[in-house]
Amino acid sequence: MATFRPTERNARAWQVGLLVVLLLAWHLVSRGDKAAFFLGEPIQVAGRIWSWFLPFAVPPNPLFPEGLPGNADIYRHLGTTLLETVLAFGIGTVLGLACGLWLALAPTASLILDPYIKAANSMPRVILAPIFALWFGLGIWSKVALAVTLVFFIVFFNVYQGVREVSPVVLANAKMLGANQRQLLRTVYLPSATSWVFSSLHTSVGLAFVGAVVGEYLGSARGVGYLILQAEGTFDVNTVFAGIVVLTVFALALDGLVGRVEKRLMKWQPRSGETEKL
Amino acid sequence: MSADSPYALELIDIQCTFRAKDDASQRYTAVADTTLRIREGEFVSVVGPTGCGKSTLLNVGAGLLQPSSGTVKVFGQPLEGINTRAGYMFQTEALMPWRSARDNVMVGLQYRGVSDADAAAQAEQWLARVGLAGFGDRYPHQLSGGMRKRAALAQTLVLDPDIILMDEPFSALDVQTRQLMENEVLELWSRKKKAVLFITHDLDEAIAMSDRVVVLSAGPATHPIGEFAIDLARPRDVAEVRTHPRFVELHTQIWNVLRDEVLKGYAQQLKKAA
């Protein structure tokens, strides 16, 4: 019996087991028509995802009495959402980095702009979506703009903090070694700020995704957010859940990708458990 | 003009008064009426009780801190901005954590426009000289405290500065590593005699390494209260020289001056804490 106890080694099995139990519970609960209307049915959700991704139709069978069409029609929407996410993430990060560096190194400007930054940050920025739709139309750019406003402030504050918390000794050392202002920026401020950007990367990628999907949800003709909105309009709760599942999986994939990039670029940072001292 | 000056670094009538940031009426004079001259090729140690303003004095010499009044001259020329002829070894970690040991040693050369290949070659040479050959690819966090100090030493010396400023560079090391490092610094110094201003609170270290020891009073308004020429023969081994009768004699002399100041400094710290 001891072998079934959760340990670090069989954690994966336990995680999968928990998922199976949850799906099973969902399935059992959704057997009633009333519950199925609100909760959806896991098998129907899986079927929806199948038709979205795969070009193979499934003939009628006991699980799907009407069969499944193989539309493979989600790629267009998914591509749009991912493109918006990547664009927003890139633009937001670069803008945040530039503004953060500038304001942290220009005390007068930061003094004057301080209340405006605070106001812009505390404003619920999702309500900017209609304005962006007005400015940039219903194409991808209004979504990108919304997501940029979310990403920008995360990166901006982290860079701002990062530059201000550069170790004064490292800074003085670089000055003594003969760095001029530009060299200081390149070899001290920027690397120090990047470490803070990377620590916020997981949050900012997630928010870029949120911005893109919320933007689509509020008005668009394409994207996963649009699919969910359409399904909601026809009370097709299974499609809504399928959309949520797809979004979750891609958010996880993006997060994993960021983790890998971070690990490569931040190899100078000590990680706990690393005993490589000599 | 500059060639005539026998002094590498002169601090003349230095006074440093700090103002509290939130309350302009709160002032603290760390250093007052201090004149300190270091000849070319001379190894001068400054000892004093903790918190007496030794580092302040060093920062003034480095050009990192503007004195409230007084002049700093470098080889006879008044100092403006950073002292470009000086190398500075800090008390705390000063290596850039995002650069490997080699890149850290290279960085000063790169600032001066030396090509990367050339800088890397020189860095490699200096890493070998401080006993870090083969450790160039490691990041500071992968090195031990002593190795980080060696890397910092190579980082400073690779630029071949005419004046070397050291702020208790070995205070964080254990006794054995410390003696090794002290001997290494003496070795490197004796090859190319540079002016060294060495700050320490350890009298043994000061006597063992220097040509001259300057004793500072307890703060506030620290100023030199004694100066001793150390006439022990070179080359010295910092561990062996400690048993030399002349060393003991000098130690007693200097300690007599220093003791009262240390007690004063200690009493002040107690008062601050209370």
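## Where the chains meet

In this predicted model, 22 residues of chain B are in contact with 18 residues of chain A, two residues being in contact if their C-beta atoms, placed from the backbone, lie within 7 Å. Two elements of chain B, strand 6 (86–89) and helix 2 (101–111), each give two or more residues to the side that touches chain A, and helix 2 of chain B gives the most, with three residues. Helices (H or I, at least four residues) and strands (E, at least two) are DSSP runs, numbered from the N terminus.

Residues are numbered from 1 along each chain as its sequence is written, while chains are lettered from A and ligands numbered from 1 in the order in which they are written. Local features need pLDDT of at least 70 and side-chain atom pairs count only at pLDDT 80 or more, whereas totals for chains, interfaces and linings use all residues.

## Chain B as a whole

| Property of chain B | Value |
|---|---|
| Span of the C-alpha trace along its principal axes | about 50 × 50 × 45 Å |
| Buried share of the 274 residues | 45% |
| Contacts joining residues at least 24 apart, among those at least 6 apart in sequence | 70% |

A residue is buried if 20 or more other C-beta atoms lie within 10 Å of its own, exposed if 12 or fewer, and partly exposed in between. The secondary structure of chain B comes to seven helices and ten strands.

## A residue of chain A

A:Phe235 lies in the loop between helix 11 (224–233) and helix 12 (237–265) of chain A, and A:Phe235 is exposed because 10 other C-beta atoms are within 10 Å.
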